[in-house]
Amino acid sequence: MAGNIELLSSVLAAAEAENRAALVGYLPAGFPTVDDGVRAITAMLDGGCDVVEVGLPHSDPVLDGPVIQTADDIALRGGIKIADVIRTVKEAHEITGAPVLCMTYWNPVDAYGVERFAADLAAAGGAGCILPDLPVEESEAWRKAAEQHGLATVFVVAPSSRDERLAKITAAGSGFVYAASLMGVTGTRESVGNEAQELVRRTRAVTELPVCVGLGVSNAAQAAEVAAFADGVIVGSAFVKRLLDAPDLETGLAAVRALAGELAEGVRKRG
């Protein structure tokens, strides 16, 4: 079975046709449990997210700040396995019909088997993989497997990336480009800043792929600010925090759904 890279591309194109940015949500699988995580991801999509990233929890998540690290720790202590991550992707896609990607560090994929991971993710209806720590120079085996199975390979670019580097990374990627809005780890911030806008400008100069901005967006005003210059707005920590802060699951799910709705309005305002 082929993966859903075409679905991802069509959803991003549909948002562009509506003159708005796409809203991309993130939650780690297995948080608070595998089944409840599926419900939370479904709530995000029902609330207004266009695309969702399912995180594969990692014991040493170098890109992730304290909020996502806390969620990852809960999932890991709950015994999360790659099979549970794949199941989360499968159920979230089956329930909503939305494009669902897996965001993971490279080690778990390598240990699981590159071909096997691509095949299983595609069979689950996955749209692709975001691989923040995989150097493009070492990505050929993954890219080959991903292309064969109809999966997007999304690379992360940062403000520190030079123009030649941006060209090399984006030429190897597919689906969209993940633009990290600033140097540092994930987490909500008071402002997203000008670095992100400049990074999007430089990235667009070397690729036709949509450019989605992540790291720091937590409310509708910030979503509108980023949507004014990006093709997509990626939100993770703010969703995780709503679940962490909730006194019970149902309250958390309602909070996640409400946040998705607020952010969805934000991306439609475009500054």
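**Note on the predicted model: the sheet and its surroundings**

1. Strand 2 (residues 51-55) is largely enclosed by the rest of the structure, because five of its five residues are buried. The structure discussed here is a predicted model. Within this strand, Val51, Glu53 and Gly55 point one way, while Val52 and Val54 point the other way. The buried state applies to all of these residues, Glu53 included. In a regular strand the side chains alternate between the two faces of the sheet.

2. Strand 2 is joined to strand 1 (residues 22-28) by five bridges, and the two strands run parallel. Across this pairing, Gly25 stands opposite Val52 of strand 2.

3. Ala22 belongs to strand 1. Buried here means under 20% relative accessible area; Ala22, with a relative accessibility of 0%, therefore counts as buried. Leaving aside residues up to four places away in sequence, Ala22 touches Leu12, Ala15, Asp50, Asp231, Gly232, Val233 and Val267. Leu12 lies ten residues from Ala22 along the chain, and their C-alpha atoms are separated by 6.1 Å.

4. The sheet as a whole is open and is formed by nine strands in the order 5-4-3-2-1-9-8-7-6, with parallel pairing. Its edges are strand 5 (152-154) and strand 6 (156-157), each of which has a single partner strand, so one side of each is left without a neighbour in the sheet.

5. The pairing of strand 3 (residues 100-103) with strand 4 (residues 128-130) consists of three bridges, and these strands also run parallel. Here Leu101 has Gly128 of strand 4 as its bridge partner.

6. Turning to the whole protein chain, the model contains twelve helices and nine strands. The radius of gyration is 17 Å; this agrees with a compact globule, because a globule of 271 residues would have a value near 18 Å. Along the principal axes, the C-alpha atoms fill a box of roughly 45 × 40 × 30 Å.

7. Of the 271 residues, 59% count as buried. Among contacts between residues at least 6 apart in sequence, 74% join residues at least 24 apart.

8. The accessible surface of the protein chain amounts to about 10800 Å², and carbon and sulfur atoms account for 49% of that area. The chain carries 22 positive and 36 negative charges, and the mean positions of these two groups are 2 Å apart.

Note on methods: Residues numbered from 1 in each chain as written. Predicted model: local features only at pLDDT ≥ 70, side-chain atom pairs only at ≥ 80, totals over all residues. Heavy atoms only, no water. Helix = DSSP H or I, 4+ residues; strand = E, 2+ residues; numbered from the N terminus. Rg over C-alpha atoms; globule rule 2.2 N^0.38 Å. Buried < 20%, exposed > 50% of the residue type's maximum accessible area, 1.4 Å probe, protein only. Contact = heavy atoms within 4.5 Å. Areas by Shrake-Rupley, 256 points an atom, 1.4 Å probe, with all protein chains shown as cover. Lys, Arg positive; Asp, Glu negative; His and termini not counted. Charge placed at Lys NZ, Arg CZ, Asp CG, Glu CD. Pairing = 2+ DSSP bridges.
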